[in-house]
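Hi everyone, thanks for making time. Let me put the model up on the screen and walk you through it.

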Amino acid sequence: MYFDVIEVHITRYLEFTVTFADGLTGTVTLLPSHLYGVFTALKDPSFFNQLSVSDGFVSWPNDIDLAPDAMYQAINRDGKWVLQ
């Protein structure tokens with residue numbers, strides 16, 4: 001689908017760029033306040049650095065991922081997605 005992520009690049013801790021299947025590119029930022037529940041593991045920079053793309057999703061080990069459709073909509077509208 002058009003909102004499948006095909007590429008990610010970490011720009012700094014808790015921030016990365018994404019490219020979608022249709023060529024849309026933008027920035028994703030996770031604020032520290034978002035690092036709870038399943039995202040608690042991302043408080044460890046070495047774990048965050050295990051960021052990858054799996055089946056169109058931005059993901060990390062242990063089945064942690066981000067919804068590509070919500071990400072796409074925010075980036076298409078604002079050029080970025082900030083998770084608070």
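So, how many helices and strands does the chain have? There are 2 helices and 7 strands, where helices (H or I, at least four residues) and strands (E, at least two) are DSSP runs numbered from the N terminus. Starting at that end, the order of elements is β-β-β-α-β-β-β-α-β.

Some housekeeping. This is a predicted model, in which local features need pLDDT of at least 70 and side-chain atom pairs count only at pLDDT 80 or more, while totals for chains, interfaces and linings use all residues. Residues are numbered from 1 along each chain as its sequence is written, and side-chain values use heavy atoms, with hydrogens and water left out.

On to overall shape. The radius of gyration is 12 Å, close to the 12 Å from the globule rule for 84 residues, so the chain is as compact as a globular protein of that length. For the record, that radius is taken over C-alpha atoms, and the rule is 2.2 Å times the number of residues to the power 0.38. The C-alpha trace spans about 30 × 25 × 20 Å along its principal axes. Of the 84 residues, 40% count as buried, meaning under 20% relative accessible area with a 1.4 Å probe, protein chains only.

Now the inside. In soluble globular proteins, nonpolar side chains tend to be buried together.

Take Trp60. Leaving aside neighbours within four places in sequence, Trp60 is in contact (heavy atoms within 4.5 Å) with partners including Phe16, Leu42, Phe47 and Leu66.

Next, the sheet. Three strands form an open sheet in the order β4-β5-β6, with antiparallel pairing; two strands pair if DSSP finds at least two bridges between them. Strands β4 (52-54) and β6 (64-66) are the edges, each pairing on one side only. β5 (residues 57-60) and β6 share 3 bridges, and Val58 stands opposite Leu66 in β6.

His34 sits in the loop between β3 (25-30) and α1 (45-48), and touches Phe39, Leu83 and Gln84, not counting residues up to four places away in sequence.

Note on methods:
Buried < 20%, exposed > 50% of the residue type's maximum accessible area, 1.4 Å probe, protein only.
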